[in-house]
Amino acid sequence: MCGIVGYVGPDEALPIVLEGLRRLEYRGYDSAGVAVLDGGLGVVKRAGKLGELEAALDEEGNPTGSVGMGHTRWATHGAPTDRNAHPHLDCGGHVAVIHNGIIENHQSLRVRLEKEGHSLVSETDTECVAHLVEEKLRDGGPLADAVRAAVRELEGAFSLVVCSLDEPDALVGVKVSSPLIVGLGDGETLLASDIPAVLHRTTTVVPLDEGMLVEVRAAGATFTDLDGMPLDPAPITVDWDVARAQKGGYETFMRKEIDEQPAAIRDTLVGRMVGERLVLDELRGSDDALREVTKVFVVACGTAFHSGLVAKYAIEHWTRLPVEAEIASEFRYRDPVLGPDTLTLAVSQSGETIDTLEAARHARRQGSQVIAVTNTVGSSLAREADGVLYTHAGPEIGVAATKTFATQMVSQYLVALYLAQVRGTKFPEEIAEVLTELDQLPAKVERAIALDDQVRALAERYRDARDVLFIGRHTGYPAALEGALKLKELSYVHAEGHPAGELKHGPIALIEDGVPVVAVATRCHVYPKMLSNIQEVRARGARVIAVATEGDTEVGALADHVLHVPATPELMSPVVVTVPMQLLAYHVATMRGCDVDQPRNLAKSVTVE
Ligand code: M6R
């Protein structure tokens with residue numbers, strides 16, 4: 001949520017900062033702005049997407065200098081206007097601040113600062129930081145000390161990057177809950193809220209720990225804590241291929257990422273099966289502790305939550321442990337019964353979703369073992385959890401989660417099987433059998449992607465629908481939820497996912513002549529029940545698009561359209577059946593003229609509660 005990028009080095013900062021922002025725009029696109037230290041502070045900012053800022057720069061001229069920073073905003077405090085765009089300045093225009101997150105006590109700070117004579121011109125929480133730093137700099141110390149002193153007065157979860165005319169060769173960054181990384185280049189140093197923003201300059205990064213402050217200069221970075229004590233965090237090398245963070249000839253990132261699913265699944269499985277055994281050393285925990293587990297919680301948001309719902313079925317079936325999959329933002333506000341005999345899986349592509357992070361922190365405080373399932377090496381979730389299993393999906397730039405959904409499910413199957421292995425609830429040959437099935441998923445997903453033309457034709461037919469229902473049973477239910485989420489977030493068509501058996505308890509009232517219903521009706525133990533549910537909606541005028549198993553002829557007699565996907569064991573079936581639903585959402589959205597990579601009101605990484 002909000003993208004931050006900074007550069008200090010020998011080259012012109014502006015093009016590097018803009019390139020970083022381009023790679024970060026998925027974090028928010030309500031406004032964008034840059035500040036370059038060019039003798040003064042050259043600040044240009046505009047409401048709207050990055051293109052608006054670039055047009056403004058073309059018109060006004062580019063500020064030149066080799067120290068600069070930029071911001072792309074997802075609005076929280078104050079409407080998306082030019083004035084509320086970052087960077088924000090102090091009274092004298094000597095200090096500039098960009099910010100990700102929320103300053104919770106901004107209102108009282110604003111009142112105090114205004115009483116003391118500061119003039120605040122925006123409605124944002126960020127601006128008070130610039131004025132606070134201005135105040136602290138009056139004491140005459142270095143910028144880093146002023147930022148530390150200012151941060152001591154702030155409440156909330158945020159990361160900041162600050163520059164000042166008093167130290168024109170440096171940027172100061174600080175992390176309090178929201179992500180910030182440093183990129184260590186050759187004679188240049190970068191700051192960013194996310195790794196893709198620095199990949200065009202370096203693959204050596206240092207993710208900041210909680211409460212860490214960094215002074216960034218061309219020669220390198222100096223890390224301290226909020227008391228000024230030196231720190232020495234280890235850099236990591238990111239093995240993401242730069243090309244994987246580019247569109248690579250595709251119209252959109254999302255379409256590319258749909259096609260990358262088979263490779264992402266393969267990469268997630270590779271090296272984790274040794275012979276017939278599963279080896280997950282990354283979990284870092286002891287197998288004894290896993291044997292003591294009596295209950296599992298899965299906490300996550302949005303698409304990641306849907307993957308957790310799928311995992312619930314697999315974990316319960318393979319380990320006989322009770323599982324609760326819960327929306328992370330609800331989890332810690334009730335009083336879940338946690339303790340050392342519980343295992344919490346915190347699932348998050350970004351590893352920075354604050355709701356998931358806080359749920360994981362809550363679980364840890366209550367003594368639960370926490371395993372992170374995340375796509376982002378060095379993310380807060382990965383570093384704070386007891387163990388971590390990475391989904392090797394590579395960078396996902398489209399706001400809609402696709403390949404990370406597939407790999408989140410696959411990773412959780414691995415955790416489930418690992419639990420079964422150490423707890424002895426499955427024979428080794430049974431585990432090997434499931435691993436073989438997992439190995440076949442990439443090829444099956446490829447065949448599902450090949451439905452593209454058929455799906456496009458359906459999208460053409462139903463693109464103007466007002467409402468679309470998605471129904472399924474057993475693992476088809478979370479798949480239906482995911483199908484509905486994809487359609488609504490991308491195309492703004494009202495879409496709902498329901499357990500098919502629940503329709504008759506209310507939602508069936510929504511069915512009238514012509515309402516499209518997407519039914520997940522693959523061959524499994526609830527298949528006959530699904531056929532009945534399809535007939536119920538057909539009888540009331542619905543147009544049914546069934547996602548069915550290859551070779552199935554029965555459902556064709558009941559549905560208006562059938563999309564055939566390869567037969568897959570039902571616990572793993574969501575990996576395959578969601579693919580045509582992703583494609584449907586993609587095509588409907590494209591036909592309706594929606595921006596599929598950057599849907600309105602959304603951001604890729606949600607770091608505010
Ligand atoms: O980074 P996370 O996996 O924690 O993100 C969670 C959700 O915000 C995310 O899955 C969201 O629902 C997707 N953009 C939907 O496509």
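I began with the helices beside the ligand. Both α9 (302-319) and α16 (476-491) supply at least two residues each to the shell around the ligand. I kept in mind that this is a predicted model.

Then I went through the shell itself. There are 15 residues around the ligand. Ser348, Gln349, Ser350, Thr353 and Glu489 come nearest. I sorted the shell by class and noted six nonpolar, seven polar and two charged residues.

For Ser348, I found a polar side-chain atom 2.6 Å from an oxygen atom of the ligand. For Ser350, an N or O atom in the side chain is 2.7 Å from a ligand oxygen atom. Val399 uses its backbone: a polar atom there is 2.7 Å from a nitrogen atom of the ligand.

How much of the ligand does the protein bury? Taken alone, the ligand exposes 410 Å². The protein buries 90% of that area. I also checked the pockets, and the ligand takes up the space of the largest pocket.

Last, I checked the backbone. Most residues other than glycine have a negative phi, and most peptide bonds are trans. I noted two exceptions.

My entry for Pro87: the peptide bond from His86 to Pro87 is cis, with omega near 0 degrees. Pro87 sits in the loop between β4 (67-73) and β5 (88-89).

My entry for Arg320: this residue is not a glycine, yet its phi is positive, about 60 degrees. I located Arg320 in the loop between α9 and β19 (323-327).

Conventions:
Residues numbered from 1 in each chain as written. Predicted model: local features only at pLDDT ≥ 70, side-chain atom pairs only at ≥ 80, totals over all residues. Heavy atoms only, no water. Near = heavy atom within 4 Å. Polar contact = N/O pair within 3.5 Å; in protein donor to acceptor, adjacent residues only side chain to side chain. Areas by Shrake-Rupley, 256 points an atom, 1.4 Å probe, with all protein chains shown as cover. 1 Å grid on protein atoms, 1.4 Å probe; cavity = no way out; pocket = protein on both sides within 12 Å on 5 of 7 lines; lining within 4 Å. Sits in = over half its atoms within 2 Å of the grid points. Helix = DSSP H or I, 4+ residues; strand = E, 2+ residues; numbered from the N terminus. Nonpolar A, V, L, I, M, F, W, Y, C, P; charged D, E, K, R; others polar.
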